Amino acid sequence: NKSIFIPGVNNFEESRKTKGGIMKIKFSTTALLLLFLIHFSVYAGQKSSQEPEWKGKVETENGVKVINNPKEPLYGQIKLDLQEDLSLGSEDDKNYFFYVVKDIAVDPEGNIYVLDAKNYRIQKFDRNGKYLQTIGSQGQGPGEFQRPTLIRLDELTGNIYVRDTPRDLHIFDKSGTYARTVHFKNVFVDFAPIDHENFMTILLKGSDKDLTSTHALCHVDLNGEVIKTYAQFPYTI
């Protein structure tokens with residue numbers, strides 16, 4: 001017979017059959033209590049780390065689902081501690097001088113594209129803020145801007161897309177060379193390239209006669225033609 005003894009008080013003994021005979025194991029109630037407390041602490045820690053419970057309500061009013069969020073934030077007040085990572089801009093260098101920055105984009109290599117609406121150009125910088133090139137200028141010719149407001153990048157092709165005036169979309173290749181302009185039949189508010197021939201856009205539609213305005217989420221091709229409309233919703237200023 002073999003015995004394994006765990007020191008403690010109030011020990012009890014359990015016999016188990018083995019190939020060589022009977023093995024006696026003595027357990028300590030103190031050790032068992034410690035194991036129970038460890039298990040309970042781990043379980044309680046897991047429960048306390050769970051996601052906080054949302055206390056809002058989902059109700060239906062006149063056939064419309066309405067979500068009522070509580071006044072208190074789910075995670076409490078969030079405090080941000082911001083630290084400056086990179087600063088661009090200088091009055092002493094024209095390549096770093098900005099007038100009205102309307103949009104900023106970053107490509108997969110970390111290069112930064114700053115769309116300056118009132119200087120009618122895009123300034124390209126590397127990830128460390130070093131000036132690389134200027135794209136576009138003021139005018140009405142190929143590759144020139146009148147009212148540039150948005151810039152988007154195609155990560156697959158490297159193409160650069162710029163919304164200029166309410167209906168024009170200028171396309172530049174990865175090197176910044178002008179490629180073509182797409183004229184939309186409707187004013188477009190925002191857009192995103194799907195591939196090099198298609199876009200997802202938010203078009204502004206409406207009737208001057210009925211004094212109505214509508215935003216429409218549409219799939220549009222390179223000719224500005226609407227391929228499919230996914231959703232429409234009223235728009236008011």
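Reader: Over how many bridges do E7 and strand E8 (residues 121-125) pair?
Author: This is a predicted model, in which local features need pLDDT of at least 70, side-chain atom pairs count only at pLDDT 80 or more, and totals for chains, interfaces and linings use all residues. Residues are numbered from 1 along each chain as its sequence is written, and side-chain values use heavy atoms, with hydrogens and water left out. Strands (E, at least two residues) and helices (H or I, at least four) are DSSP runs numbered from the N terminus, and two strands pair if DSSP finds at least two bridges between them. E7 and E8 are antiparallel, and the number of bridges is five.

Reader: What is the bridge partner of Val 106 in E7?
Author: Strand E6 (residues 101-106) runs antiparallel to E7 and is joined to it by five bridges. In this hairpin five residues lie between the strands, and Gly 110 takes a positive phi near 95 degrees. Ala 105 stands opposite Tyr 113, while the partner of Val 106 is Ile 112.

Reader: How many residues of strand E7 (residues 112-116) are buried?
Author: Buried means under 20% relative accessible area, exposed means over 50%, and partly exposed lies in between (1.4 Å probe, protein chains only). In a regular strand the side chains alternate between the two faces of the sheet. In E7, Ile 112, Val 114 and Asp 116 point one way, Tyr 113 and Leu 115 point the other way, and all are buried. The strand is mostly covered, and its buried count is five of five.

Reader: Which strands stand at the edges of the open sheet, and why is one side of each without a neighbour?
Author: Four strands form this sheet in the order E6-E7-E8-E9, with antiparallel pairing. Each edge strand has a single partner strand, so one side of each is left without a neighbour in the sheet; the two are E6 and E9 (131-135).

Reader: What is the angle between the planes of Tyr 96 and Phe 125?
Author: Rings of Phe, Tyr and Trp (its six-membered ring) pair if their centres lie within 6.5 Å, and planes under 30 degrees apart count as stacked, over 60 as edge-to-face and the rest as tilted. The whole structure has eight aromatic pairs. The rings of Tyr 96 and Phe 125 form a tilted pair at 5.2 Å centre to centre, and the angle is 45 degrees.

Reader: What kind of aromatic pair do Tyr 161 and Phe 199 form?
Author: Tyr 161 belongs to strand E13 (residues 160-164) and Phe 199 to strand E17 (residues 198-207), 38 residues apart. Tyr 161 is buried at 0% relative accessibility, and Phe 199 is also buried at 0%. Their centres are 5.3 Å apart with 85 degrees between the planes, and the pair is edge-to-face.

Reader: Over the face of which residue does Arg 152 lie?
Author: A charge sits over a ring if NZ of Lys or CZ of Arg is within 6 Å of the ring centre and within 35 degrees of the ring normal. The charged end of Arg 163 sits over the ring of Phe 188, 5.3 Å from its centre. Arg 152 is 5.7 Å from the centre of its ring, which belongs to Phe 191.
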